[in-house]
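Hello,

Here is the structure I promised to pass on. Have a look first, and my notes follow below.

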Amino acid sequence: MKQMIIRLMIAALAISLWGSCDQEKTIMYQQEAGVRFMYQAADEYSFVDNYGETVHLYYITVATTGDSVDYERKVSIAVVENDTNYVNTARPEQYKLLEGVVPAGSFSGEVPVEIHCTPDMSDSSFVVNIKLIPNEDFPLAGFDNRYFELSMTNQLVKPKNWGNLAFYFGQQFSISWYRFILNVLNVSYIPYPSAQEGDEKWSYNQLLANAGKVKAALLQYNREHPNDPLRHEDGDYAGDEVKMP
């Protein structure tokens, strides 16, 4: 009888502790209505990628914590100010921060930044540091991955897909070499393995064919300049002769 009473007391204590922990988890879970920047903490956009464009909507992907809900939620952002670790060089007329959205039932969303091209972007890059701020939908906004550095320019920059292109055009990258490639192919960017909205991405065979055009142009240039072959003019390989596979 005594052993049975002890077992009942232990069982009651276990149930009580389980209920307490479960309630605590529920409270913590309900409090985790947060949002953070999902991927990298910095990126650069160049208007060169979209020739003739003067206004561009750049979307930053965000991820949420906690449960999904059956209604659309807003994501608020602001410029990081009065912080010596985050220096802004972009002017107010060069960008506009817009309200982001996480769709109903989703764990991710996007925050748009409207970028305006200005004449001085042709020879300079400008930076705005952005942070997530709490609102009614996300009281824990920015608990992690809170800051995002967005650079904007109208200069050529290293394309995000160079990792896919290097096998065909050479591992060594420079802006001068990339400009040579674009000029030969008469394009503003290389749509492989993906393309921007409204464009058709190149197939593998198209990429091979165009890489062949570039190699022919490189050989022609070097034939016309026997004592001065094409070289990288900038970056880590400045001064090195351009080589293709």
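Which helices do the buried residues of H2 pack against? They pack against H3 and H4, where contact means heavy atoms within 4.5 Å.

Before the rest, a word on the source. This is a predicted model, in which local features need pLDDT of at least 70 and side-chain atom pairs count only at pLDDT 80 or more, while totals for chains, interfaces and linings use all residues. Residues are numbered from 1 along each chain as its sequence is written, and side-chain values use heavy atoms, with hydrogens and water left out.

Back to H2, which spans residues 162-169. Helices here are DSSP runs of H or I with at least four residues, and strands are runs of E with at least two, both numbered from the N terminus. Trp-162, Leu-165, Ala-166, Tyr-168 and Phe-169 are buried in H2; buried means under 20% relative accessible area, exposed over 50%, and partly exposed in between, using a 1.4 Å probe and protein chains only. Viewed down the axis of H2, these buried residues fall within an arc of 170°, so they line one face of the helix; the arc is that of the directions from the helix axis to the C-beta atoms. Gly-163 and Phe-167 are exposed on the face turned away from that buried side. Just after H2 comes Gly-170, with a positive phi of about 105°.

Next, the cores. A nonpolar core is a set of buried Ala, Val, Leu, Ile, Met, Phe, Trp, Tyr and Cys residues joined through side-chain atoms within 4.5 Å. The largest has 26 residues, and Leu-150 and Met-152 touch the most other members. Strands S1 (35-37), S3 (55-64), S4 (73-79), S7 (108-116), S8 (125-133) and S9 (147-153) each supply at least two of its residues, with the largest share, 4 residues, coming from S8. Apart from this core lies another, of 25 residues, among them Trp-162, Leu-165, Tyr-168 and Val-214.

Some backbone details may also interest you. In the loop between H3 (175-185) and H4 (204-224) sits Pro-193, joined to Tyr-192 by a cis peptide bond with omega of about 5°. The loop between H3 and H4 also holds Asn-186, whose phi is positive, near 55°, although Asn-186 is a residue other than glycine. Asn-186 is exposed, with a relative accessible area of 71%. Asn-82, in the loop between S4 and S5 (95-97), has a positive phi of about 55° and counts as exposed at 86% relative accessibility.

Best wishes
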